[in-house]
Amino acid sequence: MTPCVAAVVLFAAVTHAGWNAITHRVKDELACLTLVGTGRTASGAVLALLAPLPHPAAWPYLIASVVLHVGYQVALMRSFRLGDFGQVYPIARGVAPVLVIVFSVFVLGERMGTAGTAGVAVVTLSLIGLAVWGVRGRPGRRPEWAAVAMAATTGLTIAAYTVVDGVGVRDAGAALGYIAWLMILDGSAVPLYAAARLRSGLAVRLRPVLLPGLLGGVLSVVSYGLILWAQTRAPLAPVAVLRESSVIAGAAISAFLFKERFGGPRIAAATAMLAGIALMVGTT
């Protein structure tokens with residue numbers, strides 16, 4: 001992975017943590033997902049005007065990805081309702097890269113150099129450490145197992161759509177076209193459901209959370225669009241692992257904005273993660 005690609009993925013990771021934190025503050029799940037979806041659809045429509053259609057081979061992956069993304073959004077919002085942001089976010093993001101690594105190496109046959117492999121291992125161990133710390137929580141506090149289970153389910157959906165999109169974007173011919181249509185199809189799913197379910201009452205529920213919901217949608221497009229581009233420039237495993245450095249940004253957000261405990265384990269994991277990132281980009 002080149003330093004340029006690594007920088008793009010790191011920026012996407014911070015952006016991802018940001019939009020997750022924004023949606024964490026919204027208590028109306030359906031209203032929030034509706035506005036996030038609207039922001040994605042609008043952003044995707046603009047991108048579609050600038051990019052060619054994906055190749056036919058990419059469309060089955062697009063459809064599968066839409067289903068997985070909807071499942072991810074529902075699981076993510078549910079996990080936020082059940083547990084602290086600083087607890088569920090590391091678990092959800094820590095489960096995914098391990099599964100992606102297994103699939104990309106043993107199924108897709110991707111290989112990395114010695115330094116890259118070492119970097120992936122160090123960052124993955126850091127993520128696992130953060131996930132374990134998230135399960136334990138504060139001293140003397142029992143784990144919220146419903147939140148842990150839902151966060152792990154979220155991680156499974158992340159791993160699934162990461163692999164599907166990693167293959168699909170490479171078959172699309174143009175990454176921007178794949179990104180655009182993924183956002184259009186994925187983004188429209190929840191708003192259409194909400195409109196059918198709530199009808200005239202939808203506007204009333206959307207109004208109080210209009211700005212954070214739409215902002216979350218736009219930021220999610222930026223974040224994931226950059227990840228999809230990176231997947232056309234590097235193997236899936238290091239991109240998936242490096243993307244999950246968003247847990248460090250998420251931990252900082254949880255500490256400074258939500259007043260949740262940062263703790264020594266997160267500091268240690270952040271330090272180890274920086275070393276792993278340096279290995280992946282070949283700077284050490």
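**A close look at the salt bridge and its surroundings**

Modeller: Happy to! Let me begin with Ser104, which touches Gly109, Glu110, Leu236 and Ala237, leaving aside residues up to four places away in sequence; contact here means heavy atoms within 4.5 Å. This is a predicted model, where local features need pLDDT of at least 70 and side-chain atom pairs count only at pLDDT 80 or more, while totals for chains, interfaces and linings use all residues. Residues are numbered from 1 along each chain as its sequence is written, and side-chain values use heavy atoms, with hydrogens and water left out.

Ser104 sits in helix α4 (residues 85-106); helices are DSSP runs of H or I, at least four residues, numbered from the N terminus. Because its relative accessibility is 1%, Ser104 counts as buried (under 20% relative accessible area, with a 1.4 Å probe and protein chains only).

Now to the salt bridge itself: the structure holds one, defined as a side-chain nitrogen of Lys or Arg within 4 Å of a carboxyl oxygen of Asp or Glu. The partners are the side chains of Arg40 and Asp186, at 2.6 Å from N to O. This pair joins distant parts of the chain, with Arg40 in helix α2 (residues 29-48) and Asp186 in helix α7 (residues 175-198), 146 residues apart. Arg40 has 4% relative accessibility, so this residue counts as buried. Asp186, at 2%, therefore counts as buried too.

Definitions and conventions
Helix = DSSP H or I, 4+ residues; strand = E, 2+ residues; numbered from the N terminus. Buried < 20%, exposed > 50% of the residue type's maximum accessible area, 1.4 Å probe, protein only.
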